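Here are a few friendly notes to read alongside the model. Take them one at a time, with the structure open beside you.

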Amino acid sequence: MVDVVAALHRHFGHTSFRPGQADVVQAVLDGRDVLAVMPTGSGKSLGFQLPALLLPGTTLVVSPLISLMKDQVDELERRGISAAALHSMLTSDTRQETLSAARRGEIRLLYVAPERFASDHFLRVLRDLPVARFIVDEAHCVSEWGHDFRPDYRRLKTAAADCRRSDGQGRGVPIAAFTATATPEVRDDIIDLLGLAEPRVVVAGFDRPNIDLRVRPVAGDLEKQQLLTELVGNRRALVYAATRRNAETAAETLQTAGLQAAAYHAGLSDAERTRVQDAFASGALQVVCATNAFGMGIDRPDVESVVHVDIPGSLEAYYQEIGRAGRDGRAAIATLLWNYADVKTREFLIDRDRDDAAGRPSVRLDSADVARRKEIEHKKLRRMVAYADSAGCLRATILRYFGDPAAREPCGACGNCGRRAPLDAPARLVVRKILSGIARAGERYGRRKIAAMLVGNIDELPDSLTRLSTTGLLRDEHPRIVERWIDAASAAGLVRVSDDQYRTLSLTPLGRDVMAGRVEDVQMVMPVARQTPSIRRTSRGRLGVRRHPTHGAARGRRTGQMGHTAGSELATGEAKPLDAVVEALRAWRLSEARRRAVAPFVILHDRTLTAIATSLPRSMADLQAVRGIGPAKLSTYGDAILSMVASIITEKT
Ligand code: ADP
Ligand code: ZN
């Protein structure tokens, strides 16, 4: 048994392992196939460099970037470890010499570019080389769904199987794959396409505890601009936007506020981009407003604030972008300005036809592939939206997504953990009603059905839920608000959601205690409607939609009635139409008008659409009460309108 910590100290001068490193090193030494998922800069490479020093034979390291290879080889040589690289920038003589040296056993770590594996000559030479381990760095390159697909990575599985083992046990060398890309799809692809056999999967190091995570719901662009200026203040900052135009707008907003800001995106000339990069690097420029195309060029350690003015396309993009904050270990804040309307921009970016904007030149995608890729991107976007909407710990939400076991809830340093507060008596009563509802329904239903049961939407219920003692118990509330409370109860550990597709709700032991009144001391993030509308019933039982203040303000007075709890200041606002509903209604009206070959206003007037979007009817009776909806319209369009409204406020908010 080698003392790996002693070796760590002797060869690398480090006194202890970072999270995950010891597990990876051990699994690699044990000869297992390994998949290590760790962010860049977390000390991933040590996971194969240290074992390479402790095992007989040469360790092959496949790496896609020549510059990366050079850096690592130089660094190893500096530490007195023999390492070399094989890639297309070398003369064939040099390559021959390197291979001969490797065969003589003079090279511990041999870095190889993936395209080498397309060379028969190289493969022949490789067959005689005693290989300790086959390392695949940047292993996501094997996956088309990663961001950097390299077709040559597909050859690695066979190459590793053909390699001669340095322990004399024939052919087939253990593979250890390393990546910083943690999506489930990419992980599955790596295991599958590299042929990892019962791999040890180690995920670690994603937590960035010095970055405070925040989500700020905003009602529109004006609020966004105000908040942006506030959040940047006099801090060194990066601002991310979904489009070039939004990046420009953000930069202009900050300039107007007197700050040194510039936009940075692919639409600029090379010279202009370099100028911005250099200015930011030197400190002359305080803020860069970039699209995600914001390359790897800028890496100041002292970025204190990262603001996303639009929702990013995925959690991995988001986490990578905010990862540029606080590299010096000092406190930093990452804020997502969250307006559901921005999701449309993202959906558009996914769905638009591209002749492969992502630039995978050697791949030809047929339409099935394109469809699959879009589907995956939509799925990633959904996860991002779920993050923005989450009532639970934001950090834990991200770390769970990456599979990092460091996820502990509450983290105490995110916007939601900061908003956890003890439930007051009226709020506790609401929570107990919800918990009872889940219990009475037999813990067999999902959120949607439980909420419908509690508000008494009989039409949407299976028979068994229509006559419970809890049916209609929260009849004055909107189902969407009840759903948010269910989420909050789940984030507070009172309710469990099943992992399968049914997402059925059940009570945790703590949930049972709270339901029974045995436990009163509950910490919970009060659900606030996290975007433009807050929906509540007015005193006359009609729905009103109110703009909702930023959630800091919503903490103030609580009356305990759900609608009020969700933001007691709501009552002071004017009822406003929900834009998403107006838009959906407009689109529907247009297609309906075309179908019937009439003018749109013949179907419904604009003001009727607005009235619908303001009152958000839940039933035919609600809808009938809307001005401009007579009996004829009701019977012709009622169903279509109600289901459109329902799907938007239950799914899209
Ligand atoms: P990655 O390959 O994940 O991008 P590196 O392997 O380049 O990251 O490591 C990043 C930095 O962390 C390097 O400076 C490295 O020396 C340092 N490092 C790695 N492991 C440790 C450790 N156990 N203790 C202290 N520093 C470490
Ligand atoms: Zn938290």
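**Notes on a helix and a zinc site**

1. Let's start with Val602, which sits in helix α24, covering residues 600–603. Helices here are DSSP runs of H or I with at least four residues, numbered from the N terminus. Please keep in mind that this is a predicted model, where local features need pLDDT of at least 70 and side-chain atom pairs count only at pLDDT 80 or more, while totals for chains, interfaces and linings use all residues. Residues are numbered from 1 along each chain as its sequence is written, chains are lettered from A and ligands numbered from 1 in the order in which they are written, and side-chain values use heavy atoms, leaving out hydrogens and water.

2. Is Val602 buried or exposed, or in between? Val602 is partly exposed because its relative accessibility is 42%; buried means under 20% relative accessible area and exposed over 50%, with a 1.4 Å probe and protein chains only.

3. Which residues hold the zinc ion (ligand 2)? The SG atoms of Cys393, Cys411, Cys414 and Cys417 coordinate the ion at 2.2 to 2.4 Å. Donors are N, O and S atoms within 2.8 Å of the metal (3.2 Å for Na, K and Ca), and water is not among the atoms, so sites may look incomplete. Along the sequence, the spacing of these donor residues is C-x17-C-x2-C-x2-C.

4. Why is the zinc ion (ligand 2) arrangement called tetrahedral? Its 4 donor atoms subtend angles of 100 to 119 degrees, and four donors count as tetrahedral if all angles lie between 85 and 135 degrees.

Methods: Helix = DSSP H or I, 4+ residues; strand = E, 2+ residues; numbered from the N terminus. Tetrahedral: all angles 85-135°; square planar, octahedral: opposite > 155°, others 65-115°.
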